[in-house]
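Please look over the structure below before reading on.

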Amino acid sequence: MTEEPRNVSFEQEQLRLVSGYNDIFVSIACIITFVSLTTLVEAKYLDQLLVIGAAFGLAWYFVRRQRMRLTGIVVAIAVAISGLILGIEFFISGNVINTPLPGIEFLPNDIEESAIHLPILLPYTVALLVSAAFSFSYWRFASVPFAHAAGIAAILLTVLVIVLGFQLDLAKVNVPGSEINETFVVEPLTQSELLRTLPILITVFICGCFTEAYAIWWDVKDPERQTVATDTAFWVHVVAAPFLIQPLFWWAQSLAWNPTTEVIFGGVLFLLLLLFALVINRRALLIGAMVWVLATLFTVADMAVAGLTMGVMLLLIAAAWNKTRQLIEPILPVFVQRSFPTLLSDS
C-alpha cells in the first residue's frame, strides 16, 4: 500500500478504517476463512501456518492491490494471534493457549528454585517475539499501520514479561536479625499487587515514554498528516497510551490520602495530559486517560454520575478542541508549530 495523500480539513486526525461496503464484505469472509482453517486442520503448527499463509495471500490482492483498510486490519489481527499461538505451541502441547499465567508465589532462598520463574515465562516471551516478527513482516509486506502497532505492542509486552520474571525471582527480602543467617520471607503478593511494584511500574512508564517518542517521530515525518505515516503514528499513540498513563495514575492514587484527593490528583494529571495532547494535536493519548479518570470518579460517585461527568467533559473537549488548539498555537515554539499541523485562521 503506497502512501496516498488525503484531504485534511479542520479534522486533523482523520482515520479511514473502511474503504467501502466491499471492504466489510471481504473482512467478514476473511474471518470465516481463518476460523475454518483452524477448525478443519488439527495438526500442531500446521493450522496456524496455514492461517498466516492465507493471510499474506489475501493481503497481496485485497490490501496491496485493492487497498482495503478494514481487511488489512482484520488480516493483521489474524497474523498477530496466529504468531502468538504458534510461538506458544513450541512449549505447550495443543493448539489453544489453555495454560494460565503461573501463580505468584515466593520461593525459598535457594538458587535453583529462585531461578524457576524465567523458564516458566519463556513460552510467553517467545510467543510475543514470534507474534512481533510476523506482525512486522506483514507491515513491511502490506504497509498496514495497525500491524506495525501490533508488533510494537508485542515487543513492549515481551519486555514487561521479562521484567516480571526477574521481579518474581527477586520477590523475597533478607532482613538481618539477631543471627547472621536469619531470613524472613515476605508474604506472597497477589498478581494485582505485584504489577504495582516499583520495578514493574518504572518499566511500563519507560516503555510508554519511548513508544510515545516513537509515535511523535512518525508525526514529525508527516506534519501535514496527508500520508499513511499519520495513520502509523495514530496507532502507535494508541499503544503508548496505556503504558504511559497507567503508572502515572497508580502513582497519583498512591500519593492520595483519601478519595477526594485521589480525584483531585487524577483531575490534575488528566489536565496535564490534555495539555500535552493539545500541543501535539493528538487525542489518542486521552483514550487511556479516560479509563483511569472514570475509575477514579467511581470512588466518590456512583456509576451514573461518574459516567455523566466523564461524558460531558469529553463532549466539551471535543467541541472546544480546535478553538483551544488555535489559542495555544501562537505561544508554542517554532519547531513545534512546524512539526505538527496548525489550524486555519477561520476554524
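A salt bridge is a side-chain nitrogen of Lys or Arg within 4 Å of a carboxyl oxygen of Asp or Glu. By this rule, the count comes to three salt bridges. This is a predicted model, in which local features need pLDDT of at least 70, side-chain atom pairs count only at pLDDT 80 or more, and totals for chains, interfaces and linings use all residues. Residues are numbered from 1 along each chain as its sequence is written, and side-chain values use heavy atoms, with hydrogens and water left out.

**Salt bridges**

- Side chains of opposite charge can pair when their charged atoms come close.
- Asp-231 and Arg-69 form a salt bridge through their side chains, at 3.5 Å from N to O.
- Helices are DSSP runs (H or I, at least four residues), numbered from the N terminus.
- Asp-219 and Arg-282 form a salt bridge at 2.9 Å, N to O.
- This pair links distant parts of the chain, 63 residues apart: Asp-219 is in helix H8 (residues 198–221), and Arg-282 is in the loop between helix H10 (259–280) and helix H11 (285–297).
- Glu-329 forms a salt bridge with Arg-325, and their closest N and O atoms are 3.1 Å apart.

**Burial of the paired residues**

- Buried means under 20% relative accessible area, with a 1.4 Å probe and protein chains only.
- Asp-231 counts as buried at 3% relative accessibility, and Arg-69 counts as buried at 13%.
- Asp-219 and Arg-282 are both buried.
- Glu-329 counts as buried at 9% relative accessibility, and Arg-325 is buried with a relative accessible area of 2%.

**Packing of H2 and H3**

- Two packed helices are described by the angle between their axes and the distance between the axes.
- Helix H2 (residues 46–63) packs with helix H3 (residues 69–88) at an angle of about 160 degrees, and their axes are 9 Å apart. That makes H2 roughly antiparallel to H3, a term for angles over 145 degrees.
- Axes are lines fitted to C-alpha atoms over the stretch in contact, and angles run from 0 to 180 degrees between N-to-C directions.
- Residues of H2 that meet H3 include Leu-49, Ile-52 and Phe-56, and those of H3 include Val-75, Val-79 and Leu-86. Contact means heavy atoms within 4.5 Å.

Definitions and conventions
Helices (H or I, at least four residues) and strands (E, at least two) are DSSP runs, numbered from the N terminus. Angles under 35 degrees count as roughly parallel, over 145 as roughly antiparallel, 65 to 115 as roughly perpendicular and the rest as oblique. Buried means under 20% relative accessible area, exposed over 50%, partly exposed in between (1.4 Å probe, protein chains only).
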